[in-house]
Amino acid sequence: MHLSPYGVRATAGTLRAAEGVVLAHAWTEEGVVAGPAANGAQVMHLSVALCVLNDTYREAERLGVRVDGIVVEADGGFDEEWRSTGVTYAVTLESPASEADLARLAAVVDEVAEIPRALRGGVPVGRFGR
């Protein structure tokens, strides 16, 4: 996936990047390497990438699919009034699992991942204490 200036990557396991922000991670000892996170757009996209990454590990364990490494890239754009035009993500897995098992895992993660679901539903945002 070609990333725009708003695009991000979250990586773990055998596909863990050498550079980026290292975050503690429940599913891997060495943690996740993520980034960039230099502006709000990147942080918003990073929330999608990290959610998909975490849910991939969780659902893989539940489904009995081994995940050795993962890269999740997330990106999106904004219109002239800085409203999001949407977020897309791509997942690259290193796994001995069959293509059918990996496709099933991807479908389950896309359905259950909480941050993508919240964004798909529309998120009201307002200032606190007006």
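**Reading a pocket and its salt bridges**

Mentor: The largest pocket holds about 280 Å³ of space. This is a predicted model, in which local features need pLDDT of at least 70 and side-chain atom pairs count only at pLDDT 80 or more, while totals for chains, interfaces and linings use all residues. Residues are numbered from 1 along each chain as its sequence is written, and side-chain values use heavy atoms, with hydrogens and water left out.

Trainee: Which residues line the largest pocket?

Mentor: Rolling a probe the size of a water molecule over the atoms shows where empty space is left. A pocket is an open set of points on a 1 Å grid over the protein atoms alone, where a 1.4 Å probe fits, with protein on both sides within 12 Å along at least five of seven lines; lining residues have an atom within 4 Å of a point. The volume is the space filled by probe spheres set on the points, which are joined across faces, edges and corners. Here the lining includes M44, Y89, R120 and V125.

Trainee: How many salt bridges are there?

Mentor: Side chains of opposite charge can pair when their charged atoms come close. With a salt bridge taken as a side-chain nitrogen of Lys or Arg within 4 Å of a carboxyl oxygen of Asp or Glu, the count is 10. In one of them, E59 pairs with R62, with the closest N and O atoms 2.6 Å apart. R66 bridges to D68 at 2.8 Å, and D79 to R83 at 2.9 Å. Shared partners join D55, R58, E59, R62 and E114 into one network.
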